[in-house]
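Welcome, and please load the model in your viewer. We will go from one selection to the next and say what is there.

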Amino acid sequence: MPTNTTVIDIRSLSYTGTTWLNLVLGTSSDAFAIGPPDRLFRLLEPCNKEEGAPCRVCGDPCSLWDSILPRIDPEKNVYRQVSELTGCSHVVINNPAPGRAQDDLDETINIKPVFVVRDGRGTIHSYRRYFPDKSMEEAINWFLPAARSLHAKAESSGSPTLRFEDLIVNPEEALLEAASYSGLELPHNAHLYWEHDLHPVAGNGGAIAMRKLHLGLQVSGKRTDFITRYDRLVESKGRQALEEEWKETWTPDELHAFDRKAGAFNAGFNYDRDPGIPGNRPGILNRLHGACTALLNRNERN
């Protein structure tokens, strides 16, 4: 049994592959993937019958959670108990509500924050796909406060910041960084997370559905989309295509609106600003554009 517990605390915005990373880290024999932990704490509340089965993969019954949940004392450090009951030295959570990190309750708990960022244009594009009634202005206003808060926490923590794009395009290197920092050794097929024994209590339904389909279990929601996605992942051996639809679909006005309000901040995460916007062009191109604009304006006046 582990004598100390490491909590890998993934912090991110929505639409950044957080559940995927949580489950992949949970493939280590030393790690147990919980997912967003707030639901676990609700499951531990007395007489709580509204949350349903604890395991988002197995449903009811789940041999693991049916065994350990009744033995967890909510008055003591929950992560420490999950660690002891599962025999895993590490538990993986993401984006806990304030007070759910429990880092002040037990000196043997070692919190390891890991931050995940994504190009804000991709984040906003995904957000508007789920909320098509939201304008670009509303989407930017949703993105910026949360992104600024995340950036401030990442800068002050000294912990690694992983880019969503790197996790998709070059998962081996990005995962190695996260695992090494967290003190984990991942199996060679960690990116095929659905082949591993996982029992998250919460998380993105699409990512969890891959494990359910692998087990031959029923999935709800976007069943056809999930099956297509699962078949594609199996065929590609876990390789995913980087979705950057915003590059093809955003209008010049939308690109300008994002760059005006969030472009400089987004560049702080090492994302290039749109070179199609005059102020973002390299020096010589800016000067050339300025000269051409001045010449056109002069001709119009004449």
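**Stop 1: a pocket**

Select Glu172, Leu175, Leu176, Leu186 and Pro187: among the 13 residues that line the second largest pocket, these lie nearest its centre. (On a 1 Å grid over the protein atoms alone, a pocket is an open set of points where a 1.4 Å probe fits, with protein on both sides within 12 Å along at least five of seven lines; lining residues have an atom within 4 Å of a point.) The space in this pocket comes to about 230 Å³, a volume being the space filled by probe spheres set on the points, which are joined across faces, edges and corners. Colour the lining by type and you will find eight nonpolar, three polar and two charged residues.

This is a predicted model, where local features need pLDDT of at least 70 and side-chain atom pairs count only at pLDDT 80 or more, while totals for chains, interfaces and linings use all residues. Residues are numbered from 1 along each chain as its sequence is written, and side-chain values use heavy atoms, with hydrogens and water left out.

**Stop 2: the whole chain**

Zoom out to see 13 helices and five strands (DSSP runs of H or I with at least four residues, and of E with at least two, numbered from the N terminus). Of the 302 residues, 45% count as buried, meaning under 20% relative accessible area with a 1.4 Å probe and protein chains only.

**Stop 3: the cores**

Now select Leu21, Ile34, Leu40, Trp65, Tyr193 and Met210, which have the most contacts inside the largest nonpolar core, a set of 56 residues. (A nonpolar core joins buried Ala, Val, Leu, Ile, Met, Phe, Trp, Tyr and Cys residues through side-chain atoms within 4.5 Å.) Met136, Leu144, Phe258 and Ala262 belong to a second, separate core of 22 residues.

Go back to Trp65: leaving aside neighbours within four places in sequence, its contacts (heavy atoms within 4.5 Å) are Phe32, Leu40, Pro54, Cys55, Pro70, Ile72, His199 and Val201.

**Stop 4: Asn94**

Select strand E3, residues 90-94, and pick out Asn94. Is Asn94 buried or exposed? Asn94 counts as buried, because its relative accessibility is 4%. Its side chain makes a polar contact of 2.7 Å with that of Asn22.

**Stop 5: helix H5**

Finish at helix H5, residues 120-130, where eight of the 11 residues are buried. Gly120, Ile124 and Tyr127 are among them.

Definitions and conventions
Ala, Val, Leu, Ile, Met, Phe, Trp, Tyr, Cys and Pro count as nonpolar, Asp, Glu, Lys and Arg as charged, and the others, Gly among them, as polar. Buried means under 20% relative accessible area, exposed over 50%, partly exposed in between (1.4 Å probe, protein chains only). A polar contact is a pair of N or O atoms within 3.5 Å; within protein, one must be able to donate a hydrogen and the other to accept it, and residues adjacent in sequence count only if both atoms are side-chain atoms.
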